[in-house]
Amino acid sequence: MSDTHVVLHDPRGLIEAELPLDRAPHEALVTAVLAWKNPDLAPRDYEQIALQLTGHARAVAADVRRHAAALPKNDGRGALAEVVLREADGRLSAPLKGTARCAQNRARLVRALYMRLDRLTEALTAAR
């Protein structure tokens, strides 16, 4: 094994933009988490689920940012996306807790980000 490594400098997120979101399994996880009534999991299990949803929420938020940046500056959908992204940043900065409530809050965030992403995708498709 070599002692060298390569550091990628990608300030515009072009490498990440080429990778498609793994949407179906995460939407299934969101649906399952939001359907919980009285789950009885260990705190570490809730933390793992919340961590998975947090990572995916960050990836979806990055896609929302890229799509919003592609809209004209005077387009209200971009401004609304910025509001959603500020809210997401605030919620993602909160520490994870080993509770069902924390996991469900992250699931709601992923769902909201996908809704915004879908609207931006529709807007950009219609503009073309």
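## Salt bridges, core and surface in a predicted model

Asp89 and Arg65 form a salt bridge, with their closest N and O atoms 2.8 Å apart. The pair links distant parts of the chain. The model is a predicted one.

Student: In which helices do Asp89 and Arg65 lie, and how many residues apart are they?

Tutor: Opposite charges can pair when the charged atoms of their side chains come close. Here the partners sit in two elements, Asp89 in helix α4 and Arg65 in helix α3.

Student: Is Asp89 buried, partly exposed or exposed?

Tutor: Buried means under 20% relative accessible area, and exposed means over 50%. Asp89 has 37%, so the label is the one in between. Asp89 is partly exposed.

Student: How far apart along helix α2 are Arg23 and Glu27?

Tutor: Both residues lie in helix α2. Both are partly exposed, Arg23 with a relative accessible area of 27% and Glu27 with 32%. Their spacing is about one turn of the helix, or four residues.

Student: Is Asp63 buried or exposed?

Tutor: Asp63 forms a salt bridge with Arg66, at 2.3 Å from N to O. Both lie in helix α3, three residues apart. Arg66 has 24% relative accessibility and is partly exposed. Asp63 has 13%, which is under the 20% cut-off, so Asp63 is buried.

Student: How many salt bridges does the count come to?

Tutor: The pairs include Asp89 with Arg65, Arg23 with Glu27, and Asp63 with Arg66. A pair counts when a side-chain nitrogen of Lys or Arg is within 4 Å of a carboxyl oxygen of Asp or Glu. By this rule the count comes to five.

Student: Which element gives the largest share of the largest nonpolar core?

Tutor: That core has 29 residues. Val33, Trp36, Leu53, Val64 and Leu113 have the most contacts inside it. The elements that give two or more residues are α2 (23-34), α3 (43-70), α4 (76-93) and α5. The largest share, twelve residues, comes from α5.

Student: Which residues gather in the patch of positive charge on the surface?

Tutor: Take one member, Arg111, in helix α5 (residues 100-127). Arg111 has a relative accessible area of 42% and is partly exposed. A patch takes residues with over 30%, so Arg111 passes that cut-off. The patch is made of Lys97, Arg101, Arg108 and Arg111.

Student: How far apart are the C-alpha atoms of Ala79 and Ala69?

Tutor: Ala79 is in helix α4. Ala79 is partly exposed, with a relative accessible area of 47%. Along the chain, Ala79 and Ala69 are ten residues apart. Their C-alpha atoms are separated by 9.9 Å.

Student: What share of the 128 residues counts as buried?

Tutor: The protein chain has five helices and zero strands. From the N terminus, the elements run α-α-α-α-α. Of its 128 residues, the buried share is 32%.

Conventions:
Residues numbered from 1 in each chain as written. Predicted model: local features only at pLDDT ≥ 70, side-chain atom pairs only at ≥ 80, totals over all residues. Heavy atoms only, no water. Patch = residues over 30% accessible without salt bridge, like charges linked within 9 Å, V, L, I, M, F, W, Y side chains within 5 Å. Areas by Shrake-Rupley, 256 points an atom, 1.4 Å probe, with all protein chains shown as cover. Lys, Arg positive; Asp, Glu negative; His and termini not counted. Charge placed at Lys NZ, Arg CZ, Asp CG, Glu CD. Buried < 20%, exposed > 50% of the residue type's maximum accessible area, 1.4 Å probe, protein only. Core = buried A, V, L, I, M, F, W, Y, C linked by side-chain atoms within 4.5 Å.
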